[in-house]
Amino acid sequence: MKNEFKVIADLIEQDKKVLDVGCADGILMKFLKENKNANIRGLEISKDKVQECIAKGLTVIEGNAEKDLKQFPDKSFDYVVLSQTLQAFLNPELVLDELLRVGKKAIVTIPNFGYWKVRFHLLFKGTMPITKTLPDEWYNTPNLHMCTIKDFFNFIKSKDIKIFKSLALNDLNISLINNSNLGSKNLFADLGIFLIEK
Amino acid sequence: MNTENNIKTLIIKKPLKLDCGKVIKDFPIAYETYGSLNSKKDNAILVFHALTGDQFVTGINPITKKDGWWSYAVGPDKAIDTNKYFVICSNVLGGCMGSYGPSHKDPDNQNIFGTNFPVITINDMVNAQYNLLDHFGIDKLFSIAGGSMGGMQVLQFISNFPEKSKTVIPIATTSSHSAQNIAFNELGRQAITADSDWNDGNYNKKNLNPGKGLAVARMAAHITYLSKKGLQEKFGRKLQEREDLKFGFDADFQIESYLRYQGSVFVDRFDANSYLYITRAMDYFDLAKQFKGNLSEAFINTKAKFFIISFTSDWLYPTQENKDIVIALNSIGADVGFVEIKSDKGHDSFLLDVPDFLNALKNFLDKSYIENKS
């Protein structure tokens with residue numbers, strides 16, 4: 001399991017009700033179910049991935065977060081997880097609002113466009129950056145709204161969203177992000193993980 | 001047709017009050033079982049059939065000599081694995097494969113009921129079938145499953161008996177019959193009643209059979225079970241055993257011949273009055289209405305795990321109508337999974353060899369069964 005998922009799992013206590021939005025093949029769900037006794041549901045847009053989840057015995061709903069989150073009542077999950085998908089929505093702000101409505105807390109991870117390798121790629125190669133967390137070409141990427149850790153940090157603050165924990169991830173290194181180190185984390189982390197609440 | 005010998009029936013002695021207000025008692029429910037009930041009696045699956053199905057789910061139907069209607073899904077090592085599970089299916093109330101219906105005699109006057117049989121509902125059907133649990137001494141089913149009208153029965157069953165099944169699988173169905181579907185059913189009923197051999201429902205008395213009307217009803221319905229793309233790929237404009245158009249009204253096109261065949265074989269195995277009664281039951285089905293318009297209320301008392309399946313090319317019970325059930329369940333925090341299977345086989349997909357569907361069904365059942373044990 002990738003390090004990102006381990007960090008997410010560490011943020012979730014035992015016996016919680018969790019919704020994994022864009023749960024893909026259900027690896028994180030399965031881990032949370034088996035290790036955290038989570039009552040867990042997934043929402044996934046890909047038919048093939050939904051089938052993989054069913055084969056793992058996971059409860060998953062085929063659907064689109066932009067349209068289908070509205071069916072869940074307010075605060076009906078302890079945690080709603082959104083891993084590296086926010087930037088792929090047509091309207092990320094609306095999705096973020098929905099995550100925080102449905103979940104008592106939300107865990108959102110974003111691939112950092114401010115990561116130094118991304119900056120170097122654009123600066124020296126002059127082409128759209130391709131990295132481990134951003135593997136696609138400009139013409140086939142699902143990412144519509146790339147942002148940096150700094151962008152996201154400032155954005156949630158401007159929306160009066162409470163940040164419980166913000167973590168910077170670079171391979172196996174995990175560190176806390178705060179106001180004073182935001183600039184350097186924004187340069188050296190390729191992924192940001194935010195535990196938030198509204 | 002003499003069908004008595006191959007049909008198992010349970011006589012329900014307890015009076016059943018129907019939605020129409022009438023009470024029936026001492027009536028037969030015909031059923032069949034597959035696999036065996038384990039000692040804990042926790043491996044039973046109650047399967048509900050659709051409009052023209054019957055209790056003969058799989059294997060060779062002893063009456064029609066054809067494969068059972070859900071042979072692709074039910075059997076040893078299949079999605080609903082009869083090596084593991086005990087499968088029960090009964091002919092619906094109003095049906096014509098041994099359960100109490102319009103071709104039975106009215107106990108009051110010994111005349112065949114015809115249209116004097118009480119109008120029945122999906123609710124009446126499941127209330128009658130519930131007696132099978134007592135008959136087999138099953139306290140709680142492992143699952144209930146069915147497609148189309150079978151799915152309606154699944155929804156009604158878990159609403160009526162919220163603690164009686166661990167898992168619930170409604171397939172290609174709806175919680176409320178749409179205007180379009182009522183319209184198609186009415187077309188079928190009109191075709192039957194317009195046949196002079198229908199004789200106001202008393203065709204048995206005069207040894208008549210409104211076969212022409214029933215065949216047209218089946219032909220019209222059959223089109224609704226397929227998809228435009230599926231029909232086009234299978235038949236296109238291909239001609240039936242001829243080089244060119246004949247400039248007449250014979251079956252020039254293969255699709256015409258196919259529909260005529262479907263109509264003619266159906267007449268041999270199905271009763272026209274049963275068709276009227278069962279389509280009426282479907283039209284009357286509106287689960288939300290039973291709960292003052294709030295579908296979620298229908299499921300508020302159940303802890304069962306739901307798995308809802310729809311098909312991309314099903315325009316009779318489209319994905320959105322299936323999703324409405326998912327939405328109602330999510331709004332009360334129920335345990336519900338949902339998948340829309342890609343298939344160009346239309347509404348009939350649930351009866352056919354659609355591997356993604358059969359795999360999903362098998363995986364859901366088998367994983368839930370293991371989880372249940374642990």
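Two residues are in contact here if their C-beta atoms, placed from the backbone, lie within 7 Å. Keep that in mind as we walk through this predicted model, where local features need pLDDT of at least 70, side-chain atom pairs count only at pLDDT 80 or more, and totals for chains, interfaces and linings use all residues. Residues are numbered from 1 along each chain as its sequence is written, while chains are lettered from A and ligands numbered from 1 in the order in which they are written.

Chain B has 11 helices and 12 strands (helices, H or I, of at least four residues and strands, E, of at least two are DSSP runs, numbered from the N terminus). Along the principal axes, its C-alpha atoms fill a box of roughly 65 × 50 × 40 Å. How does that fit with a compact globule? The radius of gyration, taken over C-alpha atoms, can be held up against the globule rule, which is 2.2 Å times the number of residues to the power 0.38. For 374 residues a compact globule would come out near 21 Å, and chain B, with 20 Å, agrees.

Chain B also splits into parts. Its domain assignment gives domain 1 (4–177 + 288–373) and domain 2 (182–279), with bounds that come from an automatic or database domain assignment. The centres of the two domains of chain B, taken over C-alpha atoms, are 26 Å apart. Where they meet, 25 residues of domain 1 are in contact with 20 residues of domain 2. The domain 1 side of that meeting has 10 nonpolar, 12 polar and 3 charged residues. For these classes, Ala, Val, Leu, Ile, Met, Phe, Trp, Tyr, Cys and Pro count as nonpolar, Asp, Glu, Lys and Arg as charged, and the others, Gly among them, as polar.

Now for what's inside. A residue is buried if 20 or more other C-beta atoms lie within 10 Å of its own, exposed if 12 or fewer, and partly exposed in between. In chain B, 49% of the 374 residues count as buried. Take B:Met125, which sits in helix α1 (residues 122–129) of chain B: it counts as buried because it has 27 C-beta neighbours inside 10 Å. Leaving out residues up to four places away in sequence, B:Met125 touches B:Val92, B:Leu93, B:Ile120, B:Gln153 and B:Ala281.

Next, chain A. It has 8 helices and 8 strands. Its radius of gyration is 16 Å, close to the 16 Å that the globule rule gives for 198 residues, so chain A is as compact as a globular protein of that length. Of those 198 residues, 42% count as buried.

So where does chain A touch chain B? In all, 14 residues of chain A are in contact with 19 residues of chain B. The elements of chain A that give two or more residues to this side are α3 (47–55) and β3 (59–62), and α3(A) gives the most, with 5 residues.

Of its 161 residues, A:Val80, A:Leu99, B:Ile45, B:Val47, B:Ile80 and B:Val87 touch the most other members. The core draws at least three residues from each of domain 1 and domain 2 of chain B.

Note on methods:
A nonpolar core is a set of buried Ala, Val, Leu, Ile, Met, Phe, Trp, Tyr and Cys residues joined through C-beta atoms within 7 Å.
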